[in-house]
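Trainee: I have a model open and would like to learn how to read its features. Could we go through a few together?

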Amino acid sequence: MGPGRLSYSLLLCCRRAVAALGAPRCCSLPARPLSAAAPLRAPVRPPGTGGGALWNGAAGGGGDGEEEEEEEDEAALEELLGPSPLAPRPGAQRVAIVHPAVKWGPQKSPLTTAELQIAEAVALVDTLQNWTVLDKIIIPTRNPNKKFVFGKGNFQVLTEKIKKLPHVTAVFLNVERISSLTKKELEGAWGVQVFDRYTVVLHIFRCNARTKEAKLQVALAEIPLLRSNLKSEVSQRDQQRGGSRYIMGSGETFLETQNRVLKEKELKIRNALEKLRRKRALLRTQRRKCEFPMVSVMGYTNCGKTTLIKALTGEAGLQPRDQLFATLDITAHAGYLPSHMAVIYVDTIGFLTDLPHNLVESFSATLEEVAYSDLIVHVRDITHPETILQKATVLSVLRNLNLPSHLLDSMVEVHNKVDLIERYKPTEENALAISALHGHGLEELKQEIEKKILTATGKMILTVNINLEGPQLSWLYKEATVQEVEVMPEDGTARVKVIISSSAFGRYKNLFPNSQIFMS
């Protein structure tokens, strides 16, 4: 047996493990989301579990009863995922963006300007197909939370500007969220639809949702808006009819009936998401059996997360898009670290400033996967003028996810797009400067990821000399991940490079005390 490497076999095993997650493989196939809606398949036995035969995964055998249950679930999901009553009317939208600029007080952010905030609003509108920005208007206000948002004089000036715009179909009021009453009053004054950041971002999510899980989470995020609109509708009915009316023979008012319907819908959505969450837990168990570390790549929307993962894995099927919230479903991609250790990189949904808590909470089912990572890589667009605010936004969301403290403490911060800044050097300690697009700094990043992964998983990289006639090699295949085997046929020995946990290493030394061991 001559010298040889087992890295290709390891890559195949890693691809199969990713396939078991319902996620994309490390090849040119189209990316698949890490969704519990994907069918479970029996994965191939990974290194560390013995031979290459099929092993029993968590999927189990299916029968007619399971198929019938799946068909019923499908029908129930289709009912929940019908057309949204909140979706803007189809067709082109010609939008005027209005930004209430808070000049002073606790609501004024010291990390940004009105011009930068309205630029992000423009980027949100540009993300939507057939939406066009007609005009950008910045109007000062003391309190954007009051009924008409602006003072009387500024509101009148703004109304005149909007009415003079040719063929305007909507106004995007760049605030986190407006009440249904304010929305109604503004639409009455301006004669067009009025959207806030919540409804615009929700519509982007709605357009980009591909899996059932993502669509369910969008439907869940719509519930608070539906409730708010219901109260406004009932108030209008009461004014027109002179009081509440009972629905014939039911003993319920219109408000009570509609609230009950909404509660039932919310319960069904949460139950459907819980089923998907349980399936994802099974997939997570399979991944743990494969012992492949997971690295979650996170950051502000459009910071270059997908481009970085493509550079780290060489996966041709990944097609990054220069737009906000291009990634909505979590996807997984297999790659290698310098020691040939196989890892799974997870591409996650991007974050945004001033996202309402309800919207983030609705996607907690997706974001909870991050808690099971071995490492988080925080990607920053260092060229963006609001990069400090964006970092604060990401860290705030991560803290609110109640992640384990060790994940936050070990996080790797990456400053991306440094090719656009001449002679850039990070000012933050331990931050790494890279260009995901041009490959600058990627080797240093891989080395840092490997160092953190080894610490997080309690593993080490060793090279051991073994006698090929003894049981060491089969033991290492069973209890560790064999990276390379270099055979010396003249004396019947081999040098074996392995990744091994500290507990398995202790057992190896006890079983084979005379074995030569070299730390890598």
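**Reading a helix and a strand**

Mentor: Gladly. Helix 6 (residues 197–208) has 12 residues and spans 16 Å from its first C-alpha to its last, close to the 16 Å expected at 1.5 Å a residue. The expected span is 1.5 Å times one less than the number of residues. Helices (H or I, at least four residues) and strands (E, at least two) are DSSP runs, numbered from the N terminus. This is a predicted model: local features need pLDDT of at least 70, side-chain atom pairs count only at pLDDT 80 or more, and totals for chains, interfaces and linings use all residues. Residues are numbered from 1 along each chain as its sequence is written, and side-chain values use heavy atoms, with hydrogens and water left out.

Trainee: How many residues of helix 6 are buried?

Mentor: Buried means under 20% relative accessible area, exposed over 50%, partly exposed in between (1.4 Å probe, protein chains only). In helix 6, nine of the 12 residues are buried, among them Tyr 198, Leu 202 and Phe 205.

Trainee: Which way do the residues of strand 7 point?

Mentor: In a regular strand the side chains alternate between the two faces of the sheet. Here Thr 331, His 333 and Gly 335 point one way from strand 7, while Ala 332, Ala 334 and Tyr 336 point the other way, and all are buried.

Trainee: In what sense does strand 7 pair with strand 8?

Mentor: Two strands pair if DSSP finds at least two bridges between them. Strand 7 and strand 8 (residues 342–347) pair in the antiparallel sense, over six bridges, and Tyr 336 stands opposite Ala 342.
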